[in-house]
Each structure stands twice: as C-alpha cells, then as structure tokens.
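Please read the points below alongside the model, with attention to the charged side chains and how they pair.

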Amino acid sequence: MNPALRRIRTAPAVRAFLIQFLAFPLMLLTVFVTARAGIGVGYVHVALLQGLLAAVISWPRLARWWLPIQFLFPLALVAAHRLDLPPSVFMAAFLLLLLVFWSTFRTQVPYYPSSRAVRDAFARLLPQDRPLCVIDIGSGLGGLVLDLARRRPESRASGIELAPLPWLVSRLRAACSGSQAVFLRGDYETLDFGQYDAIFAYLSPAAMEALWRKAAREMRPGSMLVSYEFPVPGHEPNLCVVPTDGALPLYVWHF
C-alpha cells in the first residue's frame, strides 16, 4: 500500500470516524430489540447509545482523549439539528477549528498546554552557568517559551508551531509584551536539532518514536531532550522529574 494512503488509513481521526460507522449498526440492533420489547427511545437516547458504543469500541484502539469526543459527537449532531443553526455557523466553527488544530490530523498531536509547575520544573533542569539555545516543539500559544525568555534573558528561547492560529497568538503575545522569544511556524522536521542545547516536547505517544529518531540523529553531545508526560518506548530516560505531587513526569535524555 502507498505510504501516504497507509498514514491516512491509520490516522486517529479516520479510525474514529470508522468506529462511529461500526457502532451504527450495533446501535440500530439495540434500538430494534428495545422497540420489540415495547421500550420507546427518543433521539437523545439513540445519540447516547451511539456515543457509548463508539467510546467502548475506541477504548483499546485510540488514545484516551478520543473517548469523550466519540461519546459526545452524536449528541452534538442532535443538538445542532434541534438548534437549527444556519450553515454559516458550521462553516465558521470548522474554519476556527482548522486554524487551531491544523496539524492534528497529520501529526496526531492535539493541543496540550503545559502548566506553571511544568515550566518551573523545566527551567530548573536547564544549565544555569551559560547562555542556552532552547526550543519548544509544538509551542502552542507560547506560554513556556515566553516564560523561559523572561527567566533567561541571556538565552535564546524559541518555539515552533504548525497550526496557524496558535502560532499567530504566540507571535502577538511576544510582540505585545516586548519579549525576545522567537516563534517559528512550520514542522519541527525542518529544524536542525544540532543547534539547540535543550529541546522541550509535549506531543503525544504517536509522535515520540519519530521525535527520538531525529533527536538521536542530530542532537550534539551535552544537549538534552525533555518530554512531558510521554516517554519514548524502548529508551530509558536519564532522569525522571515529577513537577508536583500527583503530576505527570518530565522525562529527560542527555546526549
């Protein structure tokens, strides 16, 4: 099979859509059985059943954050139908989501903002005795990069983001605050990791193997890769840091 077609077929968004189709005949069968038993069901009940079946089927096949999406999707369709919204509303919502989640279909990385505790922990991990060149892979709205630029004005703090709207927001935040943070728009695959002392990533399990291959190939001795929440399968980190009690860990690899 063509590699591009294989990537499309295995993309989580496509799999989620196919799971909804798979759940549909199961939902119809359940409704038929309940109707034969004299139990009436309305559209909302049907939507709840469809969403529940889709979420159950998705459980071992998709990341956990897909489950509420699968469950709520049929309910959202019923709600939209009852509200009788004009087509322009759906088009505006689609364009907005496209600008925010531009890259999610291809990269399988949704928007994951990092917390203040994570920013503090990452800043503590960085060497303090020299200026650094640091980049956040998938920088979103730019919070971590702006924070680091404020803490370490002698260093170069950068972020790269593929989705247009988050990238634009981060650029505007930097301009309005007078920050020296640099925000690039594009795919991190175009970067040379060898020019950075530290790379921060908050991606998804699906993206970690490719990130590791690039890091292992390009990062120079003395540099570090930091991933929040998601480890690299088969590659033990040199350090594991938990920002706060009960929080998810930061995984650190030294090169």
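The numbered points below concern salt bridges and the surroundings of their partners.

1. This is a predicted model, in which local features need pLDDT of at least 70 and side-chain atom pairs count only at pLDDT 80 or more, while totals for chains, interfaces and linings use all residues. Residues are numbered from 1 along each chain as its sequence is written, and side-chain values use heavy atoms, with hydrogens and water left out.

2. A search of the whole structure returns 10 salt bridges, where the term stands for a side-chain nitrogen of Lys or Arg within 4 Å of a carboxyl oxygen of Asp or Glu.

3. One of them joins the side chains of Arg116 and Asp120, at 3.9 Å from N to O. These residues lie 4 residues apart in helix H7 (residues 116–125), so about one helical turn separates them; helices are DSSP runs of H or I with at least four residues, numbered from the N terminus.

4. Arg116 also forms a salt bridge with Asp147, with 2.7 Å between the closest N and O atoms. This pair links distant parts of the chain, since Arg116 belongs to helix H7 and Asp147 to helix H8 (residues 143–151), 31 residues apart.

5. Arg116 is partly exposed at 44% relative accessibility, whereas Asp147 is buried at 6% (buried is under 20% relative accessible area, exposed over 50%, partly exposed in between, with a 1.4 Å probe and protein chains only).

6. Arg152 and Glu154 meet through their side chains in a salt bridge of 2.6 Å, N to O; Arg152 is buried, at 8%, and Glu154 is partly exposed, at 41%. Elsewhere, salt bridges with shared partners join Arg116, Asp120, Asp147, Arg150 and Arg151 into one network.

How values were computed:
Helix = DSSP H or I, 4+ residues; strand = E, 2+ residues; numbered from the N terminus.
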